[in-house]
Amino acid sequence: MRLLLVEDDVGLSRSLKTDLERAGFAVDWAADGEVGEFLGATEHYDIVVLDLGLPKMSGLEVLKTWRQTDNHVPVIVLTARDAWHEKVDGFKAGADDYLGKPFHIEELLARIQALLKRLHGRMQPQLSGSGITLDEDTQTVSVDGELSTQLTAIEFRLLRYFMLHPGKVLTKTHLLEHVYESDSDPASNVIEVYINRLRRKLGNDLIATRRGQGYVFGKSA
Ligand code: CA
């Protein structure tokens, strides 16, 4: 899952980035509204955490610009505490949820997970399909009910992305975008390497290669 954090408070951003990465997100950070708006318009994020009070361009303007150009990326806005009008303005501008500052990271994570589940139509903390169950809280995976080894951060991100899009052909570039931060520069074969690791851990027939196209998750694929 790829997440964009738009927040000008450097200290808060650093700690949020660390916690969000630990929770399995590839996090890009923008410190002002202009950069945030640009990234959100040009990159494909699964979710955005957007502060409203930002230099150069306010969070509300950023959000309005995206929505006017039919960019419906899920957005959680960070508002000043007790500023009810900010919440109203945020929803009017097209926010999916809000969180008042200061907040506990656990609450932000819970809201992110709830929003993603709402959008993907899921109610359980686990993702399942093709005999595989992925527990997002513990980042562990089981195969046909038997507990398997713990996944590394990248394996977890990759498998979760596959499981959210079963039966769909996903290109290497697309997978790379949703698993890595944009400022990292992974080797070009990194997706193949991780797919092979997942196959070794979970079974060879789980992720099919479509030559010249990409990869498909699911045993019926
Ligand atoms: Ca701010």
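This is a friendly dialogue on how to read some features of the structure above.

Biologist: Before we start, what kind of model is this, and how are residues numbered?

Modeller: This is a predicted model, in which local features need pLDDT of at least 70, side-chain atom pairs count only at pLDDT 80 or more, and totals for chains, interfaces and linings use all residues. Residues are numbered from 1 along each chain as its sequence is written, and side-chain values use heavy atoms, with hydrogens and water left out.

Biologist: Thanks! How do strands form a sheet, and what is the strand order in the open sheet here?

Modeller: Strands of a sheet pair through backbone hydrogen bonds, in a parallel or antiparallel way. Helices (H or I, at least four residues) and strands (E, at least two) are DSSP runs, numbered from the N terminus. Two strands count as paired if DSSP finds at least two bridges between them. In this model, an open sheet of 5 strands runs in the order β2-β1-β3-β4-β5, with parallel pairing. Strands β2 (26-30) and β5 (97-101) stand at the edges with a single partner strand each, so one side of each has no neighbour in the sheet.

Biologist: How are neighbouring strands of this sheet turned against each other?

Modeller: On average they are turned by 20 degrees, direction ignored. For such angles, axes are lines fitted to C-alpha atoms (for helices, over the stretch in contact), and angles run from 0 to 180 degrees between N-to-C directions. Looking at one pair, β4 (residues 75-80) and β5 are parallel over 5 bridges, and I76 stands opposite D97 in β5.

Biologist: Which strands does α1 lie across?

Modeller: Helix α1 lies across β1, β2 and β5, and runs at about 165 degrees to β2.

Biologist: Which residues other than glycine have a positive phi?

Modeller: Among them is D70, with a phi of about 65 degrees, in the loop between α3 (59-68) and β4. Another is S130, with phi near 55 degrees, in the loop between β6 (126-129) and β7.

Biologist: Are D70 and S130 exposed or partly exposed?

Modeller: Buried means under 20% relative accessible area, exposed means over 50%, and partly exposed lies in between (1.4 Å probe, protein chains only). D70 counts as exposed because its relative accessibility is 59%, while S130, at 28%, counts as partly exposed.

Biologist: Now the metal. Which residues coordinate the calcium ion?

Modeller: Donors are N, O and S atoms within 2.8 Å of the metal (3.2 Å for Na, K and Ca), and sites may look incomplete because water is not among the atoms. Here the calcium ion is coordinated by D8 (OD), D51 (OD) and G53 (O), at 2.2 to 2.4 Å. D8 is partly exposed at 32% relative accessibility, whereas D51 is buried at 6%.

Biologist: What does Q139 touch?

Modeller: Contact means heavy atoms within 4.5 Å. Not counting residues up to four places away in sequence, Q139 touches R22, A23, G24, Q150, L151 and F156. Q139 sits in the loop between β7 (132-135) and β8 (140-143), and is buried, with a relative accessible area of 13%. A polar atom of the Q139 side chain lies 3.2 Å from the backbone oxygen of R22.

Biologist: Why is the ring pair of F91 and Y98 called edge-to-face?

Modeller: Rings of Phe, Tyr and Trp (its six-membered ring) pair if their centres lie within 6.5 Å; planes under 30 degrees apart count as stacked, over 60 as edge-to-face and the rest as tilted. The structure holds 2 aromatic pairs. In the F91 and Y98 pair, the centres are 5.7 Å apart and the planes stand at 85 degrees, so the pair is edge-to-face.

Biologist: And where is there a cis peptide bond?

Modeller: A cis peptide bond joins K101 and P102, with omega about -5 degrees. P102 is in the loop between β5 and α5 (105-120).

Technical notes:
A polar contact is a pair of N or O atoms within 3.5 Å; within protein, one must be able to donate a hydrogen and the other to accept it, and residues adjacent in sequence count only if both atoms are side-chain atoms.
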